[in-house]
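Subject: Structure handover

Hello,

Here is the structure you are taking over. My notes on it follow below.

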Amino acid sequence: MFVSTIHCPDGWTILKFEDGEKIAYKIFATWREENDKWQLSSGAPDLSALKKEGDKFVWEQASGSIYHLPVDGEHCNTMYQGQVLESIKSSCIKQNINLSIVEITVPTMH
């Protein structure tokens, strides 16, 4: 029986990667209290599975992992995690991949 892994980061930023006609949305997830831990999710082809449930967003990724994202955690990261995000941006520029940050506004979510 397959059991989904649930991730509950402190902070998160949704990134949109565009490579030609290929688009992927990924979560840059951060844990400030766990030694600056961070990870980039496997991604999703669009935002349709992103749902607001109480004080968090729930979003299943391509790998089957489910992220529980606190509503007040958007763009919350440490200085080190911010540097990692800048490194990801630089890497995308070198690979000719368009990277943008997706802002989630709570009132428009269902």
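**Ile14 and the cores**

Leaving out residues up to four places away in sequence, Ile14 touches Tyr25, Lys26, Leu47, Leu50, Trp59, Ser100, Ile101, Val102 and Ile104 (contact means heavy atoms within 4.5 Å). This is a predicted model, in which local features need pLDDT of at least 70 and side-chain atom pairs count only at pLDDT 80 or more, while totals for chains, interfaces and linings use all residues. Residues are numbered from 1 along each chain as its sequence is written, and side-chain values use heavy atoms, with hydrogens and water left out.

Ile14 is also among the residues with the most contacts inside the largest nonpolar core, along with Trp12, Ile27, Trp59 and Ile104. That core has 14 residues. A nonpolar core here is a set of buried Ala, Val, Leu, Ile, Met, Phe, Trp, Tyr and Cys residues joined through side-chain atoms within 4.5 Å; buried means under 20% relative accessible area, with a 1.4 Å probe and protein chains only. Two or more residues of this core come from each of β2, β3, β6 (56–60) and β7 (66–70), and β3 gives the most, with four residues. Strands and helices are DSSP runs numbered from the N terminus (strands E, at least two residues; helices H or I, at least four). Apart from this core lies another, of nine residues, including Leu15, Phe17, Ile88 and Cys92.

**The sheet**

Four strands form an open sheet in the order β4-β3-β2-β8, with antiparallel pairing (two strands pair if DSSP finds at least two bridges between them). β4 (37–40) and β8 (98–102) are the edge strands, each with a single partner, so one side of each has no neighbour in the sheet.

β2 (residues 11–19) pairs with β3 (residues 22–31) over nine bridges in the antiparallel sense; Thr13 has Phe28 in β3 as its bridge partner. β3 and β4 are antiparallel too, over four bridges, and Ala29 is bridged to Gln39 in β4. The hairpin of β3 and β4 has five residues between the strands, and Asn35 in this hairpin takes a positive phi near 55°.

**Helix α1**

Helix α1 (residues 79–94) lies across β2, β3, β4 and β8 and runs at about 160° to β3. Such angles run from 0 to 180 degrees between N-to-C directions, with axes fitted to C-alpha atoms, for helices over the stretch in contact.

Regards

Conventions: Buried < 20%, exposed > 50% of the residue type's maximum accessible area, 1.4 Å probe, protein only.
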